[in-house]
Each structure stands twice: as C-alpha cells, then as structure tokens.
Amino acid sequence: MQAERTAGQLRYDQTVTIKALPRPKVEPIQPTDSENRVCGDDLVSAMDRQVYKTPLFMIETWARGQQEAFGQQGPAIAIEKSYRKWEGTAHLEIESPALLSNEGLKLHFSVTGNPRYMAQPHDLVPIYLETPTADTKKPGERQLLVVVIEPTWDYNHWEIRVEYTLQQLATILKINPGGPVTAHTIIQRYRELGLRAQWLGVADQQKVQVNGVRHESGGLDQKGGSGKLRLVPYTLLELAGTENRRNTSWNMSEKLNTSRPVFNTFQEILQGGKEMMTTLECEAEYRLAREGDLDQVIVAMNKLHDDGEMQKRLGILKMTGEQKVYEDTYFDLPTPYDLLANRIVLRRRHRSSDAGGTYLFALKGKTHQDGEGRRLRLAAQCQLKTTALTTTTGQALLRRLLTDDSADNAVGRTMLHALDHVKPVINRLKQEDVVPALTVVSNRDTFTMTLANGTQIDFSADKATGQLGDGRSATVYSFEFGVGHPALTQAATTGGPTTGGDGETTKKVSVKDKIGQFEGAAPQIVRPYHVPADLVNPAVFTQPDYQQFVNLLHAVVTDVFQLDIRRLELGGNKAHDLAKLLGLI
C-alpha cells in the first residue's frame, strides 16, 4: 500500500476519499500571528524524516500500519473538508455515537482548528484509536493510527468517517476468539475506546526542530470534553468499580447522553449534549487591601504581556490577555445561609456573550490542604435547564441531584463530601429549595501563559462586587494563578507519552499486564469524573505541570510584581468573604 500526496492533500491508494466543499463567499482570514510551524520534508534529509516526524514520515507510518493490520484490504475512510468559523484553538469532536453491530464499527468524528493558531504552512494531525489500560498513569494505549490529516487555514474543518469490519476491529484490538467474531466478542473485552488527535509542530521559528505535540484533544480521558467511544451504556456497577483508581487529570468531563445513568435519572433538569465536568482546582489566590494595589498588579501584567524578552526569561512561550465581566448568582438555603457559611459555592455564571439557553451551574466543594501549603478544591459543573429552578418538579429534582450519592452523580457526590461534617445541612438540602442569596459582578483582567509541553497557567486580577436586593454592596480585590485548565499535551499530565508507533519513546507493557487488566474483573474504563478520594491524592503535586505552575507563580510575584509572596494575604473564597462583609453570615 503506497502513500502519496496529491495537490498538498492525502491520497491512500483509493482507501481514503477526500471531498472538498466550496469555501464560503467571505474568505477566511489568513493567520498572521501564529507562532507554530511544521518541520517539513524539505528541511531535513530523507534519513532524518523519522527523527523529525515530518508530514511524509507520518503518512508513511499510517500506510505501513494499515498494511500490517489489514493487508491490501483496508477499511473504508471518507473525509469531507470545509471551512467553519471556530473561536477555540483546535478540537476533536465525536459527531455521532460509535455504532457497533455484527456488521462492524462505524466512526464519525471531526477535527476543527482555528486558522489564527494554525501551523505554517498547514497543520499536521495524527489521530489514534486507543484502548483503556491497567496503568493508572496512562489513560489510553494506542492501537492504531487511524488517519493523518493536514488542515489549512481555508479548510479548517475535517469530518471523517471510518468503517471497520468486525474482523478488522478484532485485529486492531488483538482479539483472537478462536471462532467467528461478533459484536459480543468485542464488548466482552472492551466497553469503550478512544480517539485522540494530536497537533504536531514547532514553536521556534528560527530552528529546525522535531515536530512535537503542540496541542491535544480527545482520548479516553476526553481532553476538551470529547474523544470517548462508548460501545455500550455505562452501568453504575462498573463506574463504582473504578473508584479505587485515582483520576489525576485536572479536568474530567463528558457530554451527557443516555449512556450516562445520571442523565437518565435527571434529564428533566440536565441539558443533553452538554458537559458534566469535575475539576481539581489548584489555585493560588491573594487578597489585596485597595483597588490601587490591584491596579499596580494589572499594570505589571500588561508590561509582561508586552515584554517578549521577560517572557522568555520566565519560560513563557506565549501570552494572551483580555478583560472579562462575569455576573454570578449564588444560591443557598434560605436564612441561615448554610452553604456560604461552610465555604461552599453554588452559583450560576453568566456573561453577555453566552449563547441562548446557557445555564452554567457550578459547585465548588471541599478544599484539601496537604500540610505544605498546597491546596486543592473539588469542583463540579453542568448545564441546567431553566425549569430546574422555576417549577416545583424542577426544584424537587434539583434537591435530589444535590444530595444523591449514586456513583455517576459527580455533583451530588461533591456536595455530600463538602457537607460531611455538617449533616444537618444535608437534611435541609433534601427538604428545602435553594434560592438566590447574593449577586457578584466581577471585573477581571485575565492572562493565559503557555509554557513548555503545552502547559497553560491562567492569571486573573479581580474586582468583585457583591450586591444584595436591598441595595447594599461590598467589594473585594484579589489576584490568582490557576493550574485548573492546563496540560494540553499528555506529556505534561502523565509524565510520558501514550504507547504508540510514531517514533516516540514508548513504554512497553508486558503481555502479562495486558491480560491481567481483564482477569477476574470487568474491562477497565476511564471514569469520566473525579470522586472525593481524588482530592487527597498526593500524586497530583508530582505532575510536571504543577511544578511549572509553582515556579511561574513565584517568579511573577517576585520579579514582575516586586512583592514578597510570604507577606501576601491568602484569599480563596470571594463569595464567603463578601457574604461576611454584607452580614449574610
């Protein structure tokens, strides 16, 4: 099976069909500020293409893997490329649920990139099929390079359909049943698979370097909220069976549909197709006494934003900033306000730019401190239907959602964990409706700093004003660094690459380990949410991106703000502070 290029796109011996839709009448804006590029085949010798993971090498790797797995009869792959306006960076999306039947497995997914951030002269995106592993440090093991695509600024949205026969799927998954392969054969071994896309490229425009992972989306751990292929619906029993394994990713999320028990129970108040997310929030927040102190911090951050040399000295590869205004409505039980008194945040966040129907409901629960000044907070969020708070039936279901301890209910588990020491409050939540208690308007200057390995550190300087219905108000000033949304590359979150065959150093998994993950138990799955035990796992503080966070925090406070971090007042819960200032608690 030969791999060749035609007109800058991919053609694989008639195995892959690519159709280009007409571009829009309004031409997409060509990227002008992208710092990424691809190390092309013309920049290195043929001998070095493997080392540098050039486009042609990746294509040849795909073709070789297809031939080794399937011989000359490969799967049907159809690609449709078009332009789509996209405000994010880059994203893999499962367009349709995986369809497994005795005819085979049908996949339908898309890859979309923002032309503003694309590599030059094009993106280079390998997409892998992966399976769960017994290794808790590695969310998925690569089994096959499904396809390699090269999006451009004018064709940034690629929809891909792949059809594997059951025998081809059994070959990919290394299943040898000793007889006919059926769909049941597959799900006895695997209840879920993953699709992971990686954007390869080089950040330094001046040097010839290896194409490394600049961004990642999808996979069994669902970076960006997409990438998992459930072959059968979840059961509460199998989800509960994963709770001895720690999820160390900062964010775990999944779009809700009928494969999730929590959605089936609460779909009258939960929006389908929207994410339920849990987060291990690792933040360093500091209170400031005056607005003038906050202004000085903002001025210093703007100077850093404009000083490329200072950024390089601090290890910042890219820095962006913007101003935002949030309006948060905090909900609580009627007087006494027990949630705010116990430092629990239950809020709806609103921005003027929100799409219609948005009702982002967030819960911030218990904070764990490890004795060395390091803090983690467990948080959960989902999109509610507005009827959850406007009808008697909706409020009754919301009370159940907040106090239900079923395995799949990350929101209820987070709330019950936070209130474990004050069980009378749990009893109130089961019987009384939550009501709006406090409105907080936050004016924020935010900056995102990208470090090596794709780690992103968020910074915000915040003027937060709490308001009551009777006109009373109070304001607090603070700034914080957060590592709650970092690690776009897997190397930053797990300390090493996923097992694969694209030239990276791979970690070998013994045959015994591969077999052992299925002995005496159901197949391992990646739990799509955190549980309270994940909060007290010291392993999260050994991750490389956490150390990057600590180093940058101290460097910016010391060198940019010219402040002594030891003398700063620790913050941590603005709503609690404002509630005290306003006499609510």
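**Close-up views of a predicted model**

Lys-463 is partly exposed, with a relative accessible area of 27% (buried is under 20%, exposed over 50%, partly exposed in between, with a 1.4 Å probe and protein chains only). This is a predicted model, in which local features need pLDDT of at least 70 and side-chain atom pairs count only at pLDDT 80 or more, while totals for chains, interfaces and linings use all residues. Residues are numbered from 1 along each chain as its sequence is written, and side-chain values use heavy atoms, with hydrogens and water left out.

View 1. Lys-463 lies in strand β21, residues 456-467 (strands are DSSP E runs of at least two residues and helices are H or I runs of at least four, numbered from the N terminus). Leaving aside residues up to four places away in sequence, Lys-463 touches Glu-291, Leu-294, Val-441, Ser-442, Asn-443, Thr-475, Val-476 and Tyr-477 (contact means heavy atoms within 4.5 Å). The side chains of Lys-463 and Glu-291 are joined by a polar contact of 3.4 Å (a pair of N or O atoms within 3.5 Å; within protein, one must be able to donate a hydrogen and the other to accept it, and residues adjacent in sequence count only if both atoms are side-chain atoms). Asn-443 is 20 residues from Lys-463 in sequence, and their C-alpha atoms are 5.3 Å apart.

View 2. Helix α2 has 16 residues (residues 55-70) and should span 22 Å at 1.5 Å a residue, which agrees with the 22 Å between its end C-alpha atoms (the expected span is 1.5 Å times one less than the number of residues). Buried residues in α2 are Pro-55, Leu-56, Phe-57, Met-58, Ile-59, Thr-61, Trp-62, Ala-63, Gln-66 and Phe-70. Gly-71 follows α2 and has a positive phi, near 70°.

**View 3. An open sheet of 5 strands.** The strands are ordered β3-β4-β9-β6-β5, with mixed pairing (two strands pair if DSSP finds at least two bridges between them). β3 (16-20) and β5 (90-101) are at the edges, each with a single partner strand, so one side of each has no neighbour in the sheet. From one strand to the next, the twist averages 15° (axes are lines fitted to C-alpha atoms, and angles run from 0 to 180 degrees between N-to-C directions).

**View 4. The pairing of β5 with β6.** β5 and β6 (residues 104-113) run antiparallel and are joined by 9 bridges. Ala-90 stands opposite Gly-113 in β6.
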